[in-house]
Every structure is written in structure tokens, then in C-alpha cells.
Amino acid sequence: MQIVQTSSSSGVNAKGAGTARVVDDASAAVKGSASARSEAPATRSSTASLQRGLSNWDHQLQGEISNAQQTLDYLERSSSQLQALKSELAAKLAARQGREGQVEARVRQFSNTWRQRASASGGTLDAQLSYTSPQTAQQNFSIRGLTMASLQEGPQEVLAFSVGGANQALRSVNIEPSLSANEIVSRFDRALMPSGIGVKLGENGELVFSTSEVAWANVRDSLSVRGSGIRYPTGQMSRVRTDAEPAAIAPEEWHTGDTEALRATLQQVVQALAQLQAARSSVSLALAQATGRVARAQPVQVNVSMDTLAENFTEKASQPGYESLLAISSALVGISRERVVALLGLE
């Protein structure tokens, strides 16, 4: 795979928040670069481009590019599998002959691919297909019994939370009458943040808790709360029940037993394809933003940093996986005879 510098850029939020501003900024930067290149001699332009391609070994930035490329590969593979499944479903519904069990095999194939989502995306693509790099993917969940209505009604109470067992520090939230929804969210968020749990207000005014997908199993199995007998009657530390936000795609619910099931599955596959396409667009824009930052990076001084760059390249290229691919492809982007001649001319 080759990293291609593009003229567009965007944030990574799939919902598009702030996208227009980032795209405008990136476009202006690219236009400015293009103008400068047209005014400079060909040799100087080639040399500067080569220097820019070899410089700026920013580990976080390189990681973002690697994550985006890895996630795009996964999304493209998933889309290809769903397209094949869609064709098989349409053929079977049209009563055309096909290989026995082919639809079921396609469903199993995509189910296996979907289960690999976290590892295949480097932990940056969540179950709702939102791309989160450089942050890790999050799992949203709710806690049964903790509704906004129950928290805004009743007398004052201190709720103490524990994650990970009895030996872990307790995190306390003071609930008082007449607190606003935002105040309640803020108190929960401050108290639970050290335990790796974030809290926000949902679209319908509900409490939405979140933790990293890596930590989700521990939070789900060990989150406990103790009150003073008002909202939790026992007054003792007790395990709470959590409900995870459903995944955007649920292949385990796709059935093929009869014509009605096939039609329902086909409809869900079409919806899943649209969701994957939206995710691919979001990740592509994130990759454009990261490569745009590379293009705008300040080039290093050749006589000072070339040895360091060579060492970094050797180290990166010797590592297996995406880091090696990224190092090699980054160094080779745009290499041509003219640029090699320009570089040799520096001597």
C-alpha cells in the first residue's frame, strides 16, 4: 500500500463535527504549497519534496497513518465479503441455482471477519464503526437503575463505585435534590474518570457511560456500587448490571432458513454495506489529514539530520508489519529519476 498525499483533510469523527473547518484549512495549506512549488526552480522543488518525505519521524503521526491504513484494509475486506454475500442472497431469492451452502458460508466468513474488528483495526474502530485514532475504541454502556429521573428525584445520597474488586479505591458521587442533568453528568464523570470510565449525556437525556473496549470485560464483570439504602436498597456494596450499546452490525442475527429470512438478511446486509462505506469515508478523510500534516511538516537540515533519518528508517524498515510497510512506502513516495539526480547534485 502507498501513502498518497491528498488535497483534502478532515477530523476522525464519523458524525462530521468540525469537518468543514479542517478541510478548508488543509485546502488552503495545499494551495499555498502548490504556489510555492510553481515559483521555485525544478531542482530545489525536487530536493525539498524528497527532504519532506524523509523527515518528521513523529511516532504518534506515523502511528495514526498506520492505524488508518490498517483500518481501511479491514473495511475494504469487509465490504468485499458483504458484496459477495449480497450477490449470493439475491441469486438465491431469484431462484437461480447456486452452490449448496454458499450463502451460509458467506455469512460465516463475514461473522469471523467482524469478530476480528478490534485487532484488525489496531483497536481504533469501535462497534459503531466510529474511527477513534489516536484514542482507543470505546464501549458505551448504561447501568440499570441509574436513570436521570431516579437521580433527580429523592433525597440526598452518596453513591460509592468500585471497579476491579473490593481492594480497589472507591469513587464517590454526591447526589443532591434539584441537580441539573449536566451537573449530574459532570459529577459522575469526575468521580469515575480515574477508574477509566467516562460519562456523558445521551441524545435522549440519558446517562451514557463509556470505557475502552480493552477494559470493558473487567468493568462489566466487576463494577459495583454502594448507596445509603435509597436508590440501592441493600446499603451494601453490590454488583450492578450493565447493558452494552449494541453493535452497528450483528451478523449473528442473520438467518437463511427460508425465503422470509433471506429477504430480512439481504436488507440487513445492504444496511451494513452503507455503514461500512460511511466508515471508509471517515477513515479516508482521517488519513488525508494525517498525510497533510506530513506534507506541511518543517523539513530538517540535511547536513545535521540525515544520519539520524537513516538510522530511523533502518530501524522502522526492519520491523515486521505495518511499521515496516509505512517506513518503506513513505520513503518511496514520488521518487523519480529527476529527484534522484537532484539529490545527487547536492554533493
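**View 1. Leu85 is found in helix α3.** Helices here are DSSP runs of H or I with at least four residues, strands are E runs of at least two, and both are numbered from the N terminus. This is a predicted model, in which local features need pLDDT of at least 70, side-chain atom pairs count only at pLDDT 80 or more, and totals for chains, interfaces and linings use all residues. Residues are numbered from 1 along each chain as its sequence is written, and side-chain values use heavy atoms, with hydrogens and water left out. Leu85 counts as buried because its relative accessibility is 0%; buried means under 20% relative accessible area, exposed over 50%, and partly exposed in between, with a 1.4 Å probe and protein chains only. Setting aside neighbours within four places in sequence, Leu85 is in contact with Val103, Arg106, Val107, Trp254 and Val269, where contact means heavy atoms within 4.5 Å.

**View 2. Ser78 has its place in helix α3, residues 59-93.** Is Ser78 buried or exposed? Ser78 is buried, and its relative accessible area is 1%. Apart from neighbours within four places in sequence, Ser78 is in contact with Phe110, Thr113 and Leu276.

**View 3. Helices α3 and α4 (residues 102-115) pack with their axes 9 Å apart.** Two packed helices are described by the angle between their axes and the distance between the axes. For α3 and α4 the angle is about 160 degrees; axes are lines fitted to C-alpha atoms, for helices over the stretch in contact, and angles run from 0 to 180 degrees between N-to-C directions. The two helices α3 and α4 are therefore roughly antiparallel to each other, the class for angles over 145 degrees, while under 35 counts as roughly parallel, 65 to 115 as roughly perpendicular and the rest as oblique. α3 passes α4 in a left-handed crossing, meaning that the near helix is turned anticlockwise from the far one by less than a right angle, whereas clockwise would be right-handed. Among the residues making the contact are Tyr74, Ser78 and Leu85 of α3, together with Val103, Phe110 and Trp114 of α4. The residues of this contact divide into nine nonpolar, five polar and five charged. Here Ala, Val, Leu, Ile, Met, Phe, Trp, Tyr, Cys and Pro count as nonpolar, Asp, Glu, Lys and Arg as charged, and the others, Gly among them, as polar.

**View 4. Helix α3 also meets helix α9, residues 259-296.** Their axes come within 8 Å and cross at roughly 160 degrees, so α3 and α9 are roughly antiparallel to each other. The crossing of α3 and α9 is left-handed. Residues of this contact comprise 21 nonpolar, nine polar and seven charged.

**View 5. An open sheet of four strands runs in the order β3-β2-β6-β7, with antiparallel pairing.** Two strands pair if DSSP finds at least two bridges between them. The edge strands, each pairing on one side only, are β3 (171-175) and β7 (238-239). Strand β6 (residues 224-226) pairs with β7 in the antiparallel sense over two bridges, and Val225 has Ser238 of β7 as its bridge partner. Helix α7 (residues 181-192) lies across β2 (157-162) and β3, running at about 165 degrees to β3.

**View 6. Strand β5 (residues 207-212) is largely enclosed by the rest of the structure.** Six of its six residues are buried. β1 and β5 run antiparallel and are joined by four bridges; Gln139 has Thr211 of β5 as its bridge partner. Strand β4 (residues 198-201) pairs with β5 in the antiparallel sense, also over four bridges, with Leu201 opposite Leu207. A hairpin is formed by β4 and β5, with five residues between them, and Gly205 in its turn has a positive phi of about 80 degrees.

**View 7. The backbone at Pro134, Leu129 and Ser178 is worth a look.** Most residues other than glycine have a negative phi, and most peptide bonds are trans. The Ser133 to Pro134 bond is cis, with omega near 10 degrees, and Pro134 lies in the loop between α5 (117-120) and β1 (138-143). Leu129 is found in the loop between α5 and β1; its phi is positive, near 65 degrees, and it is buried at 4% relative accessible area. Ser178, in the loop between β3 and α7, has a positive phi of about 70 degrees and is exposed, with a relative accessible area of 69%.
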